[in-house]
Amino acid sequence: MSNNLNMPELLSPAGSLDKLKVAVSYGANAVYLGGLKFGLRSAADNFTDEELIEGVKFAHDRGVLVYVVLNGFLHDQDLSELVEFIKYLDELKIDAVIVSDLGVVQTVKKHTNLEVHLSTQASCLNSHSAKFWKKMGVTRIVLGREVSIAEAAKIKKEADIEIEMFIHGSMCMAYSGNCVISNFTQGRDSNRGGCAHSCRFEYTLKFDELDFESKNKYFMSSKDLNGLRVLEEFIKAGIDSIKVEGRMKSHLYTATMSKVYSEALSFYKEHGHFLSDKLLEWEEELKKVTHRTYAPTNLIEKADASTIFNEREHASDTDYKMVGRVIEKFENEFILIEVRNAFNLGDELEILPFKGEKITLKIEKMNLLNEEIIERTKPTTIVKIPFVGQCEINNIVRAKVLS
Amino acid sequence: MKFTTYINSLHELSIAKDAGAEEIIISAKDLNRFSKLSILETNKLLKEAKKLEMTTLLEWDVLYTENEIDSAIKSFHEIDLDVVDRVRVQDLGVMEYIFSNTNKEMELILENGNHNLFGIQTYETYLGERLKKIILSIELNKDKLTEYIKELKTPVEYLGLGRILLFYSPRKLLAPIISGEKEGINYSENSYLEALGESEESPHKGFPIIENSHGTFMFHIKDLFLLDKMSELIQSGLQFLRIDLRFYKDFSLLQKITKAQTSDDIQEVKELYGNKVIRGYYQINKSDVLFKKLKNYRIQRKDESYIGEVIEILKGNYLAIDIKGSTNFDINSHLKLITPEGKELLMKIVSMKDIKYEDITEVENQKIVLINYMSGVWPKSQVYLN
């Protein structure tokens, strides 16, 4: 049964050119990325101007949209440097910029024809605020992560504007844009890309009035958002775009999120429901990437005490690691894997195809390019393994993390 | 330059009047992050302030999601707006609501970000004549502050003394700890809790933390103190200096502050105040200079003659290059390699193979090529035609 519902766009993070290709290949409808400046991820690889050309071409050739983040709270000096960059983005025909500051919105409107999306960093939380931003020329609102899906539907209706919501990933505990701990304790402007993640620190809390002290608390750390179980609510609410957080995260994360959510959306489009064991399989897949405990946070009800991730961060028993990427295949001869994490002869690996079931393989033979036989790979090497029929170039290869 | 301050009681109102304050900020707990006043108490205080011919500023600074703002709007309309001169707002939804649904004069709190003049002037243009004051961020240093005061048509307010808010979350973060560990205490949705936080991962100890019905707030361990810069602030043309004594034990300090004339007077205020203080970013804001250290720019590609990146090194055998650029090269090309440590190495290609380990002399459609080994090269070294 084919469904006539308007399906939301799946928007995946692209922290680098490689990750953009991964996101696109694994099913994202759109990607968001940063240039070398003006975003909130100074430590990410981000894109040089030349990588942007290649990335935009790669995405557009496959019908995937590209949004560029300019969501820092920019200072005057930044604004003067911004003009040249946004004109360049306009020439590249990127599909939108994601902005959090009114001065940046107006600068983009003044100098380009680019679409402007309002970043979650602006903490737009209600329809009155959305109406204001619409008047300022914004065409889409990425709502604050405190807004429920039901509230988002109301905002969309009241303000008559495109709505984007986060569906998966790490969460700020503070209202986005309302945390300056890094600014005042580490001299790093969190709202221009210098967040030091002080909210993930371990704290001791002293309640003097209660004569009580509590040690080893991660009281400001949030569990990760996982909206797979309520994906149908997003669809029914008419949310225009569902966004995966994580430009700093791994290739495996980018691949897994793009694959799982795109397959889930396709399934719903075809069947009109999620009444299938596939849902359990997708959930298992989401657990295979490194993550804090998942929670729906504010999507249905207000985030309560159960959404605090009050523990030290560690790899879980279900975690997988990316061991490499397929970089070449020669029909019926061999495939080449660019190794990121070491593996051994005899190990069981999984190749994550762009669509469909994972390919499990046991490594029974490995060579270096000069045909030298090896029993253990090293990171940053290229190894040959026997041909695997169903795999494709850029497939991610993963293995279970052994505790 | 005039002083503006928060008041929470008739006693504080009387002190503020005696101290010469011409305007005061009042609010109700339903609308304000830290007020403990009911609507009834707020209305009473506003009326008394008007009787004293003071300018009354109702601060509505809580951030609201769609469902919450409806309830806050109801609370707002329970306020006796006849005794409110202006509404101070921060949430842009609240700003838009007041602007579109009332005829009240407004003050706009732009302390959160808003570090460029173009943006601030856009707000100024949008709100027009009804905008009576802009509250600027303390992350703007004195030069920027002076520049903005000159350029803006609207009077400016800047924090002169008070706590520095670092973190605002709608989630209750303290109550779960108490509920889980301290027996015999039950906390309701509207409980008020205070704590001091410290982390071994930060050199700063004793962050004041408050939880109330609006969420959890964390402040800097030191308060902002710019009273010793008063003459400089007056010269800058600043119209309003905010003295925030909401978290200080003795409101009567306001009288000493407004009457302070000499550096000795200021010093006395500082000593009486007692809390640790800083000037924040008042002198200079260099909060972006550390960004250069957050990643290795040497492994970032620079084009023109860019070829690609070394992805594998087999000692004594070959370097594998992932071709990423569009620069042509062949077996006799001279290369420049820049290692992740920043070392520049020069080499000539004397042998070249494809990934089937077959000799080639030029690059055709290959994505990866193997060239002769050179010592000192590391994976992620960037390769350029020299």
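Analyst: In this predicted model, Ile134(B) has a relative accessible area of 0%. Because the limit for a buried residue is under 20%, Ile134(B) counts as buried. The residue belongs to strand β6 of chain B, which spans residues 131–136.

The surroundings of Ile134(B) can be listed by contact. Leaving aside residues up to four places away in sequence, Ile134(B) touches Leu108(B), Leu110(B), Ile120(B) and Glu124(B), and also Leu152(B), Thr154(B), Pro155(B), Val156(B) and Glu157(B).

Strand β3 (residues 55–60) of chain B runs parallel to β4(B), and 4 bridges join the two. Within this pairing, Leu58(B) stands opposite Val87(B).

Chain A has covered elements of its own. Helix α1 (residues 17–25) of chain A has 7 of its 9 residues buried, and is therefore largely enclosed by the rest of the structure. The buried residues are Leu17(A), Lys19(A), Leu20(A), Lys21(A), Val22(A), Ala23(A) and Val24(A). They pack against several elements of chain A, namely β1 (9–13), β2 (30–34), α2 (49–61), α9 (251–271) and β18 (396–400). Just after α1(A), Gly27(A) adopts a positive phi of about 115 degrees.

Strand β18(A), one of the elements against which α1(A) packs, is also joined to strand β13(A) by 5 bridges in an antiparallel arrangement. Here Arg325(A) has Ile396(A) of β18(A) as its bridge partner. Strand β13(A), residues 320–330, is mostly covered, with 9 of its 11 residues buried. Strand β14 (residues 334–339) of chain A is likewise antiparallel to β13(A), with 6 bridges between them, and Gly324(A) has Val339(A) as its bridge partner in β14(A). The hairpin of β13(A) and β14(A) has 3 residues between the strands, and Asn332(A) takes a positive phi near 60 degrees there.

The two chains also meet each other. In the interface, 94 residues of chain B contact 94 residues of chain A. Together the chains bury about 8,200 Å², 60% of it on carbon and sulfur atoms. On the chain B side, the most area is lost to chain A by Glu66(B), Arg171(B) and Ile355(B), which together account for 10% of what that side buries.

Polar and charged groups take part in the interface as well. Between chain B and chain A there are 38 residue pairs in polar contact and 6 salt bridges. A salt bridge links Lys302(A) to Glu68(B), with 3.4 Å between the closest N and O atoms. The side of chain B that touches chain A comprises 46 nonpolar, 23 polar and 25 charged residues. Strand pairing also crosses between the chains: β8 (residues 203–207) of chain A and β9 (residues 193–198) of chain B are antiparallel and pair over 3 bridges. In this pairing, Leu205(A) has Gly197(B) of β9(B) as its bridge partner.

Technical notes: Residues are numbered from 1 along each chain as its sequence is written. Chains are lettered from A and ligands numbered from 1 in the order in which they are written. This is a predicted model: local features need pLDDT of at least 70, side-chain atom pairs count only at pLDDT 80 or more; totals for chains, interfaces and linings use all residues. Side-chain values use heavy atoms; hydrogens and water are left out. Contact means heavy atoms within 4.5 Å. Buried area is the accessible area (1.4 Å probe) that two parts lose on being put together, summed over both. A salt bridge is a side-chain nitrogen of Lys or Arg within 4 Å of a carboxyl oxygen of Asp or Glu. A polar contact is a pair of N or O atoms within 3.5 Å; within protein, one must be able to donate a hydrogen and the other to accept it, and residues adjacent in sequence count only if both atoms are side-chain atoms. Ala, Val, Leu, Ile, Met, Phe, Trp, Tyr, Cys and Pro count as nonpolar, Asp, Glu, Lys and Arg as charged, and the others, Gly among them, as polar. Two strands pair if DSSP finds at least two bridges between them. Buried means under 20% relative accessible area, exposed over 50%, partly exposed in between (1.4 Å probe, protein chains only).
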